[in-house]
Amino acid sequence: MNAFSPLSALPAQWNADADDVLICRAVRQETHDVRTFFFSPANPCLFRHLPGQFVTLDLEIGGQKINRCYTISSAPTRPDLLSITVKRVPNGPVSNWLHDTLKPGMRIRAVGPMGDFTNVHHPAPKYLFLSGGSGITPLMAMARTQYDLAAEADTVFVHAARSPADIIFRDELSLMARTRHGFSVAFLCETDSAGEIWNGYRGRLNTALLTRIAPDFMEREVFVCGPAPFMAAAKTILAEAGFDMRRHHEESFDFGILAQEEPEAAAEAEAVAASGGFSITFSKSDRQIDCDPDTTVLQAGRRAGLKLPASCSKGVCGTCKSKLVSGRVEMKHNGGIRQKEVDQGMFLPCCSRPLTDLVVER
């Protein structure tokens with residue numbers, strides 16, 4: 001029998017709405033506190049995504065349903081497996097569960113892929129990738145894709161880590177730099193590690209260091225991902241240098257950083273709500289609040305002092321997913337909920353505005 005299948009027999013594209021089950025196939029230790037988890041669909045399918053996009057894991061941990069977003073670290077050029085690379089966060093319920101519990105053969109549920117942080121939408125002859133810590137994952141997916149496609153673009157990849165022991169994908173990036181023309185990598189460490197004295201670039205990202213590593217950074221399309229202070233520093237460096245910020249793109253890898261509302265906007269909305277609107281009853285907490293038609297359920301709840309779970313606040317991650325017991329809402333989400341969940345009465349408070357009085361199971 002021919003070992004090769006005809007193209008017509010290739011598996012279909014993975015569709016989370018039809019089958020959201022993924023099977024863990026392998027776990028790889030990257031650093032002392034970072035692991036990569038590899039998945040394949042439960043049924044034969046191929047993953048299709050853009051480098052830099054993410055998936056939302058739909059997990060049950062300790063009897064509680066939790067959603068978390070993780071960037072896809074694998075390249076779409078290798079569609080049979082999908083990987084996420086996760087740093088263990090102290091007291092983090094999801095990262096610790098993944099590190100301690102998820103093993104090959106186990107099944108989880110996921111939604112995606114989603115997200116607009118990708119160099120595919122911004123073709124350029126030169127790129128500068130700036131990453132800090134586990135913010136390396138979307139940029140690694142982009143770099144892997146360029147490598148697999150033998151891309152002609154000139155790319156400088158700068159990664160900042162606490163110590164040499166904390167550099168994620170160190171060997172692979174070094175291999176790419178040795179074997180791909182037009183790709184260079186620079187690691188930046190703040191301190192030595194127990195087993196290695198660091199002889200490379202030292203300290204935190206600044207204008208002088210960036211100029212040494214990429215003297216032509218003003219000519220490049222720049223993608224930045226990492227902790228908030230790292231991204232803020234990168235943005236300041238570029239802006240003060242007179243960089244065209246239309247060519248600056250950033251993505252927070254930490255969906256736990258909640259979007260903050262401007263006090264003036266909140267006060268204005270509260271004034272409108274006081275003049276009328278709809279009532280929202282949270283059945284489990286036995287609270288009833290008012291909400292005007294132009295305010296989301298999440299915003300109204302937080303202003304009333306309710307601690308409602310949320311992460312992206314943009315209808316993307318699904319963290320705030322709740323049961324709508326009664327009433328109608330206008331929901332404008334960005335992929336954070338499946339149609340079958342909507343049909344079952346679920347909704348996302350972060351991107352839903354009331355059309356009637358509501359009862360929410362929270």
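1. Asp244 counts as partly exposed because its relative accessibility is 26%, where partly exposed covers the range between buried (under 20% relative accessible area) and exposed (over 50%), computed with a 1.4 Å probe on protein chains only. Arg246, at 71% relative accessibility, counts as exposed. Asp244 and Arg246 form a salt bridge whose closest N and O atoms are 3.0 Å apart, a salt bridge being a side-chain nitrogen of Lys or Arg within 4 Å of a carboxyl oxygen of Asp or Glu.

2. This is a predicted model, in which local features need pLDDT of at least 70 and side-chain atom pairs count only at pLDDT 80 or more, while totals for chains, interfaces and linings use all residues. Residues are numbered from 1 along each chain as its sequence is written, and side-chain values use heavy atoms, with hydrogens and water left out.

3. Glu341 and Lys321 form a salt bridge, with 3.0 Å between the closest N and O atoms. The pair links distant parts of the chain, 20 residues apart, since Glu341 lies in helix H8 (residues 339–343) and Lys321 in the loop between helix H7 (297–303) and strand S17 (322–326); helices (H or I, at least four residues) and strands (E, at least two) are DSSP runs numbered from the N terminus. Glu341 counts as buried at 10% relative accessibility, and Lys321 is buried with a relative accessible area of 11%.

4. In the salt bridge between Arg88 and Asp100, the closest N and O atoms are 2.8 Å apart. Here too the pair links distant parts of the chain, with Arg88 in the loop between strand S7 (82–87) and helix H1 (93–101), and Asp100, 12 residues apart from it, in helix H1. Arg88 counts as partly exposed at 29% relative accessibility, and Asp100 counts as partly exposed at 46%.

5. The whole structure holds 17 salt bridges, and a network of them links Lys126, Asp154, Asp216, Glu219 and Arg220.

6. Helix H2 (residues 136–148) has 13 residues and should span 18 Å at 1.5 Å a residue, which agrees with the 18 Å between its end C-alpha atoms; the expected span is 1.5 Å times one less than the number of residues. Because 11 of its 13 residues are buried, H2 is largely enclosed by the rest of the structure. The buried residues include Ile136, Leu139, Met142 and Arg144. Ala150, which follows H2, has a positive phi near 50°.
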